[in-house]
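Thanks for coming. I will go through one structure, starting with the ligand and ending with the backbone.

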Amino acid sequence: MSEVILELKELSTHFFTDHGEIPAVDKVSLKVHKGEIVGIVGESGSGKSVTSLSIMQLIPQPPGKIVGGEISFKGENLANASEKKMKKIRGNEISMIFQEPMTSLNPLFTIGNQMQEAIRLHQKISKKSAIDKAVQMLKIVGIPRAEEIVKEYPHQLSGGMRQRVMIAMAMSSYPKLLIADEPTTALDVTIQAQILDLMKKINQEEDTGILLITHDLGVVADICDSVVVMYSGQVVEQGNKREILKDPQHPYSQGLIRSLPKLHEQDKKLYSIPGTVARPKMNQVGCRFAPRCEFAFERCFKENPALYDLENGRKSRCFLHADKEGERIADATITRS
Ligand code: ADP
Ligand code: MG
């Protein structure tokens with residue numbers, strides 16, 4: 001496998017609120033290799049955004065704080081990097097795009113103005129050359145009439161076009177890592193597919209590592225190489241995308257996959273996992289998913305399952321993979337009756 005560009009080692013980010021301490025991200029470990037697309041998937045409230053904001057040191061502090069672990073980027077730990085250092089890394093070596101591009105674009109300035117500013121933050125070139133570069137980037141992301149678009153304001157563009165502009169801006173520094181937090185959630189399905197294709201193209205042509213955050217397993221199925229499934233602040237399953245989609249091991253991943261609409265069963269009522277994600281609590285006893293899990297047994301409410309190693313680098317946080325001593329059972333597969 002190629003070089004690791006980002007590695008989270010037991011990253012923990014907590015919020016200190018009036019209701020107490022919330023372990024929103026609880027010892028999350030993952031790797032992104034050069035040219036790899038890693039999906040983080042889970043329902044709303046699982047800790048996906050807090051994970052990505054932690055990498056960029058963009059957690060509002062207070063109430064949030066990275067309380068443990070490492071964020072290793074090109075071998076350096078960003079968890080305790082200075083703001084000066086992070087300013088150099090953000091939008092340069094690591095770029096980020098969000099769900100709603102309107103909130104990241106300034107309505108008062110033209111697309112060209114904002115793009116040239118972003119480009120010139122990191123490259124010492126003239127305004128004129130930066131605008132030329134902006135036009136070139138807009139063409140790469142498939143924006144027609146790029147020369148005219150640079151003179152327009154954000155509200156004059158459609159949601160899909162604005163997201164392309166954000167991707168063009170994010171890519172203008174040729175980042176080693178692109179973090180995309182629900183980049184297609186606000187877009188309709190056809191535009192969604194185009195944006196995902198574009199990200200895949202950039203990933204292949206530039207070898208950019210991508211951390212793609214989504215609540216939608218369909219998006220993961222489309223473009224990811226590997227998957228991290230998060231639930232209530234913790235990783236519950238991780239591994240190769242194809243294997244997880246074909247043969248999910250954790251009951252939560254199984255539930256997510258069952259909830260996916262299937263083309264040939266469109267008229268059937270869609271399955272959804274009963275209940276909602278519980279807010280993570282400190283010193284919680286038992287598996288966080290147990291209250292919603294159809295396989296839960298006594299032990300699941302009394303002890304916290306470890307993230308057991310399965311075959312081929314797969315991991316699953318479930319007692320169904322453990323024997324009495326807490327060791328994993330080699331060939332445990334959960335079969336639905
Ligand atoms: P996701 O992106 O998976 O939907 P988030 O990462 O946004 O979930 O949130 C994870 C948890 O962190 C949630 O329980 C949420 O309530 C908590 N959280 C996020 N931001 C804050 C904040 N500013 N203050 C307090 N709690 C927060
Ligand atoms: Mg989120």
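**Around the ligand**

The shell around ligand 1 is made up of five nonpolar, six polar and two charged residues. Here Ala, Val, Leu, Ile, Met, Phe, Trp, Tyr, Cys and Pro count as nonpolar, Asp, Glu, Lys and Arg as charged, and the others, Gly among them, as polar.

Before going on: this is a predicted model, where local features need pLDDT of at least 70 and side-chain atom pairs count only at pLDDT 80 or more, while totals for chains, interfaces and linings use all residues. Residues are numbered from 1 along each chain as its sequence is written, chains are lettered from A and ligands numbered from 1 in the order in which they are written, and side-chain values use heavy atoms, with hydrogens and water left out.

Back to the shell. In total 13 residues surround ligand 1, and the closest are Gly-45, Gly-47, Lys-48, Ser-49 and Val-50; to be near, a residue needs a heavy atom within 4 Å. Which element gives the largest share of the shell? That is α1, with three residues. Both β1 (4–17) and α1 (48–55) supply at least two residues each; helices (H or I, at least four residues) and strands (E, at least two) are DSSP runs, numbered from the N terminus.

Now the atoms. A backbone N or O atom of Gly-45 is 2.7 Å from an oxygen atom of ligand 1, and one of Gly-47 is 3.0 Å from a ligand oxygen. Ser-49 uses a polar side-chain atom, at 2.9 Å from an oxygen of ligand 1. The protein covers 71% of the 560 Å² of accessible area that ligand 1 has on its own, by the Shrake-Rupley method with a 1.4 Å probe.

Next, the rings. There are three aromatic pairs in the structure, a pair being Phe, Tyr or Trp rings (for Trp, the six-membered ring) with centres within 6.5 Å; planes under 30 degrees apart are stacked, over 60 edge-to-face, and the rest tilted. Tyr-231 and Phe-289 have ring centres 5.1 Å apart and planes at 80°, so they are edge-to-face. The two are 58 residues apart, with Tyr-231 in strand β9 (residues 226–231) and Phe-289 in the loop between α11 (251–258) and α12 (298–302). Ring pairs also bring in Tyr-252, giving a cluster with Tyr-231 and Phe-289.

Last, the backbone. Gln-61 and Pro-62 are joined by a cis peptide bond, with omega about -10°. Another cis bond joins Pro-62 and Pro-63, with omega about 10°.

How values were computed. Polar contact = N/O pair within 3.5 Å; in protein donor to acceptor, adjacent residues only side chain to side chain.
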